[in-house]
Each structure stands twice: as structure tokens, then as C-alpha cells.
Amino acid sequence: MAATPETAQQVQEYADDGYKYGFVTDIETESAPKGLNEDIIRFISAKKKEPEWMLESRLKAYRHWLTMPEPEWQKPDFPAINYQDSYYYSAPKSMADKPKSLDEVDPELLATYEKLGIPLQEQERLAGVAVDAVFDSVSVATTFKAKLEEVGVIFCPISEAIERCPDLVQKYLGSVVPYTDNKHACLNAAVFTDGSFVFIPKGVRCPMELSTYFRINAENTGQFERTLIIADEGSYVSYLEGCTAPMRDEHQLHAAVVELITLDDAEIKYSTVQNWYPGDEEGRGGIYNFVTKRGACRGRNSKISWTQVETGSAITWKYPSCILQGENSVGEFYSIAITNNRQQADTGTKMIHLGKNTSSRIISKGISAGRSDQTYRGLVRMGPKANGARNYTQCDSLLIGDTCGAHTVPYIESKNKGAVVEHEATTSKISEDQLFYLRQRGIDEEAAVALVVNGFCRDVLQQLPMEFAVEAQKLVGISLEGSVG
Amino acid sequence: MLEIKNLHAAVDGTEILKGLSLEINAGETHAIMGPNGSGKSTLSYVLAGRDGYKVTKGEILYKGQNLLDLSPEERAGNGVFLAFQYPVEIPGVANTIFLKEALNAVRRHRGEEELDAMAVLKVVREKTKELGISEDMLKRAVNVGFSGGEKKRNEVLQMAVLNPSLAILDETDSGLDIDALKIVADGVNALRAPDRATLVITHYQRLLDHIVPDKVHVLAKGRIQRSGGKALALELEKNGYAEFAEAAA
Ligand SMILES: Nc1ncnc2c1ncn2[C@@H]1O[C@H](COP(=O)(O)OP(=O)(O)OP(=O)(O)O)[C@@H](O)[C@H]1O
Ligand SMILES: [Mg+2]
């Protein structure tokens, strides 16, 4: 996209506002009427031209959802969500006839991704990362599809997978996160609109990083994406997920579900950089990020590794988890959560050890600044058959200033005497000595904070794929702007 | 280059410097000696602009400009470098990354172009070699797990990379073995130039055998009690500070 003076200026303004992804794409959209009822669900299902079984499964989830209470155990405090005040389907009009290639995609949409730093066309040509771009309720483009199909990898919008490989979808969708799991996951099962589907066949090492980029654009719209990744025996895939949204004064709901399945000797590495709009300094606006992410290591020697960098959202409520069923299977959770201003995050993981000699490792780095509040909540459960299972948890909190909060809530449940659970936790403050030392070397205060925080997060940043690590480091600095001085 | 006039400074409401005056011209090296707790480090922090070190009276001119108007990073950008008596650990931040950030920050301030990682590494390698410092130190996190002497060498390395106009070394020689002492001295001597100045704070006259000062000052009870040539250091070594304790009492 040529940087016209106008866009250049806009971009500058966004940068000045701190949250540079806060712009709105002015595009004609087609929405379902506001609110939620069975007709809306039929509308979504019809829009997606879904088979009867899919509609039935949505309606079943919806009927169950009506009976479920709101979760109340988490720390963040917020007014009750009015579900009737939201739109559940919004799509750019230009997507009504599915474009067959990037050339057919509305240039305005491509420009949006370009502005977000994800030039889809360029990615296709140069970067060697396959991207699925989800805009509000639809996937607008998936790059590298053909190249991936040569090796048998399926990477497509989930709406397309329902058409193309219904057997796989029926077999695995909801098998890790059933619709009865929790209220938000249940809502997702009823109204999910798009998301990515990945299938890596037996013995295939996916030849490139796969990534999905989620963008909420429309006003008052919830995004309910659904991601399903299946790694068949002996396969490997590294998957990245990124998210942003415009700056708006009202809260928007994002209730995603991600399910991962690894069979024998397979490995999935799932990385997230979540930078949804966090709201302003007073806590107006921002995304409610209520996400259920769970992986099942079904096969022996299989591995699921979650790495997340959470800097955005007004409220984050998220516990990427691993169910370690297969013998010798491995679960990992590496997390950086940064909260500033009025943000609240309640995040952590669950490691459920069922099989023999399963092991898990949790490294969590929480950074709180401003008047934000953060909780690490982690469950390690050792089942009765998990002989020789091991967990190691390290949980470090860093406080910037003295108006923020950090809490660590570990839950350890062991039904197996032979299982080993180790837990270490630290809380520290960013020290005046460190800041002065760095400033004496010419580094300004904000850059000094960013450097110290990046150092604090190093163990986790190292886990990210190269393409993301640099971005993530910058993001660490940006999200802490205004937290000192 | 540096002109300190009747400086009074307080920490947490306690006055530590009580009318200190000192002038260092470009091209000169001065040494400050003095008993523990006399205010030497306090002076170095005031010069570097540390929060909480309040100047209650007097002024400091640096290159003709009021130094006290500037933030610590601006002072550093203008060429003020402090080798800390107690260097600080920055976990997780590799020395090279830190040096790159610092060098580029200072270069930006001077209106020079930033250097990319490779170019920085080249400068840093050159300096480590010149100073006989082991390269292992570069990959490690800043000062984390460094021995006392290694921390001091690291200060000298940073000084060499940043190339300051006014270097203040606060007991950089304390805790050093004989070889390291040479490193520090070489580092300082390499910076000697007609447009630069150095202020060395030390307890030991032997450092001054390697870094020969133009002037030696005795700081006691918050003021410069006496100034002289290199001979003053020898005299202090023999007689201690008893004379000044009484003089100031
Ligand atoms: N925060 C503080 N509150 C009160 N007094 C302080 C504070 N910080 C330092 N001091 C005092 O200021 C005095 C000067 O300290 P300073 O560190 O400058 O001494 P110094 O000359 O560098 O000593 P040394 O040779 O031991 O390094 C000391 O008496 C010290 O206890
Ligand atoms: Mg001292």
C-alpha cells in the first residue's frame, strides 16, 4: 500500500495514542440483527452454508448456554454482560462471494492488514509464513494454501473445513473443549463464526509457520472464533496467533475456543501475541478476552507447548491447558502477561497428568503497572495412574509502581504418591538502582523499563519463533509506555 | 570543562555535601581521596543526576552549561559517564544488548546515526581486546553473577565503548587484582585527550602510579579540605585522614 500523506498522518496519530492498532476500517458490512436467539444462530449457520449436523450442534449448545450461570470464581470484577446488546455476525459485504485468491480480496481489507504490519500479499511472496486472516466474523484470506496441500497439510478457515473435511471436524470439534465446559466456551459453540482449521498428516513436519491474525473491526460486535488443530502421528507444526482491535469506548466480547490434539509422537507449538485494545487510562472500552484454550496429548511421546504474550484486552481470562493422556507426553506453558492502566488479567494454565511419566513445565512472568491487577492461576493435577509424572512451575511477578497488584494462586492436586510437583514463585519491584544505572548510560526512562522487563521475560521470549520474538519485544516496551515518571 | 561552585547537597534531608567547590579543565585528570562516608559517592551521584540527591545550594557548570537542568540520560548523552562503585545487575539482559542500547542512545543524542547489531559488536569486540577483557562477559547478563573485579572491568568496558568527555570513576580500583588495575588504568589513559577530563575517586595511592593525576583533592566532611599534586596522595597514605577529621570538627 502506498503511504498517502493521509494514511501516514493517521498512522502517526495512532502511534501517539499508544495503541497504534486502534484505527477503524471503513467498510460496508453485513450483520445479523443485534441480540442472540435461535434465529440468529440459524442465520449464522445459513450464511456459512453449513450442514444440518452443524446447525443442530450449535442449537444444542445454545439451549444449554441459556441454563448456565456466569462464571464467578475469577478475580476480575466487571458489570454483567448484556448479551442482547451485541452483534454476533458481521462480515465485510465484499466477502459475500468468497474471493478465490488474494487478488480478488477487497483492497481495503488488504490495506487494513498491511497497516497492522501483516502485508498478506507480501507474506505470500516473501516471508514464508502462511496466514489466515480473520476479520470480524469471516476469514478473508488464507495464504500458501496450495503449497501446504502439496504435503497434505490442510490449513483453511474452519467454515471451509466443515464443508471439505466434515469427518475430521465431526470427530474432533468439541472433543477437547465440550460445549458444557464453561459459559463462554458454550456460547462459542453456539455462535462461532470463523477461525482456523489445521490438519497435519502422519509423519509430516509442516514446512512453514502457520499463523492466524484476528481482527475485530465492527462496533458492538463479539468475535467468537474457533480453532482446531490436529497433529497426526509423528507430525509437527508451529502455529502463531495475533490479535488487535480498534479503540472503542464500549467493551467488546471476544470468546474464542482453541482445541489442539496430538497423536503419538506429534508436537504442536502454539504461540500467541495478544494485543487486543486494552481500553484507555480510565478503563473505558477495551476487549473482554474470555478464551478457552486446551490441548490434548492423546498419543505417547506427544507434546503441546503454549507460549503466550498477553499485553492487550481490558480483561483477560485465559488458561491454556494440557491434558496429558499419552505416556511420556509433555505439556509446556510459557507466559508473559503485562497489564497497565486499568487492565485486569486472570491467566495461567492447567496441566492435567493422566498418563505415566508425563511431564509439564510452567514458566509464567507477570508484569503489572499503573493501576492494573493481575492473577496467575495454575492447576497441576496428578491423576492416580500418572506414575512418574513430574511438574515444574516457576512463577515470577514484577511490579512497576505501587498502585498495581499481583497475585499467585497455585492449585496442586495429587492423587499419585510417586508424582513430583515443584513450585517456585517470586515477586519483585523494578528497582530504582537499575533504572538509574541504565539512564546513566544514556537510555531514557521508558526504554530502561522496557529493557529491564524484557530481561525479566527472557526465558519466555526465547520460546517464541524468531518472527514473533522481535515484535513481542517491541510490544513489551509499547505496552508499558506511561507507566513510569 | 567542569566547574562546581559551593555545592550543598542532601539525601533524605541530611546534608552530605556542604559547600564543595572544584574545577576541572579539559585535558586534566583529578583524583579525589577521602575517608569513608565523606561524600565521594554522593558527589558522583549528584553529578550524574540521581533522583533523591537534592542540591540545596550552589551550581555545577559542565561545558559551560548548567548541568543540574539535565536529566541523567541527557547528561550521559552529553558525555558524562559514571563508573559505579557498586555496579548494578540487570538479569536477562545480555551485556551486548545493553551496550547496543546505550551506545545508540548516546549516538542519537549526539546526532549521529545508530549502529546496527553487527557494527556495535565490532566496536565492543575491539574494546574488549584492547582492554584484555574476556569475551565471555559479553554474552552474559549485565553484571549477573560477575565477581567484584569482573563488575569493575565491565564498567571500564562500557566507558571505553561510550567514549565519554567526562569520566567519573568511583573506586573502580577497589577489589581489583593487579592485572585488572592495569586494565582500568589503560582504559582511563586511553581516554586522555585535550578535550576530555577524568575524575578518579580512590582510596589507594597505587592507582595513581598508573593514572598520574594533575591534581589530588581531599574530600572530608562534605568539602574539599585540601588540594595538591600527586605528592599529596603519598602524604595521605602515610598520615591518614586524622588531620582533616580535626580540621573539620
Ligand atoms: N539515604 C541516605 N540517608 C542518609 N544518609 C545517607 C544516605 N545515603 C548516604 N548517606 C550518608 O552519606 C554519607 C556519604 O556517603 P557516600 O556514599 O557519599 O560516602 P563515600 O565518601 O563514597 O564513602 P566510601 O568511601 O565508603 O565509598 C555517609 O555518611 C552515608 O551514610
Ligand atoms: Mg563511595
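## Basis and secondary structure

Helices (H or I, at least four residues) and strands (E, at least two) are DSSP runs, numbered from the N terminus. By this assignment, chain B holds ten helices and twelve strands.

The model is predicted: local features need pLDDT of at least 70 and side-chain atom pairs count only at pLDDT 80 or more, while totals for chains, interfaces and linings use all residues. Residues are numbered from 1 along each chain as its sequence is written, chains are lettered from A in the order in which they are written, and side-chain values use heavy atoms, with hydrogens and water left out.

## Dimensions and packing of chain B

The radius of gyration, taken over C-alpha atoms, is 18 Å for chain B, which agrees with the value near 18 Å for a compact globule of 249 residues; the globule rule is 2.2 Å times the number of residues to the power 0.38. Along the principal axes, the C-alpha atoms of chain B fill a box of roughly 55 × 40 × 35 Å.

Of the 249 residues in chain B, 53% are buried (under 20% relative accessible area, 1.4 Å probe, protein chains only). Contacts are heavy atoms within 4.5 Å; among those in chain B between residues at least 6 apart in sequence, 68% join residues at least 24 apart.

## Interface with chain A

In chain B, 32 residues are in contact with 18 residues of chain A. The area buried between the two chains (accessible area lost on being put together, 1.4 Å probe, summed over both) is about 2100 Å², and carbon and sulfur atoms give 63% of it. On the chain B side, B:R50, B:E73 and B:I90 lose the most area to chain A, together 26% of what that side buries.

Terms used:
Buried < 20%, exposed > 50% of the residue type's maximum accessible area, 1.4 Å probe, protein only.
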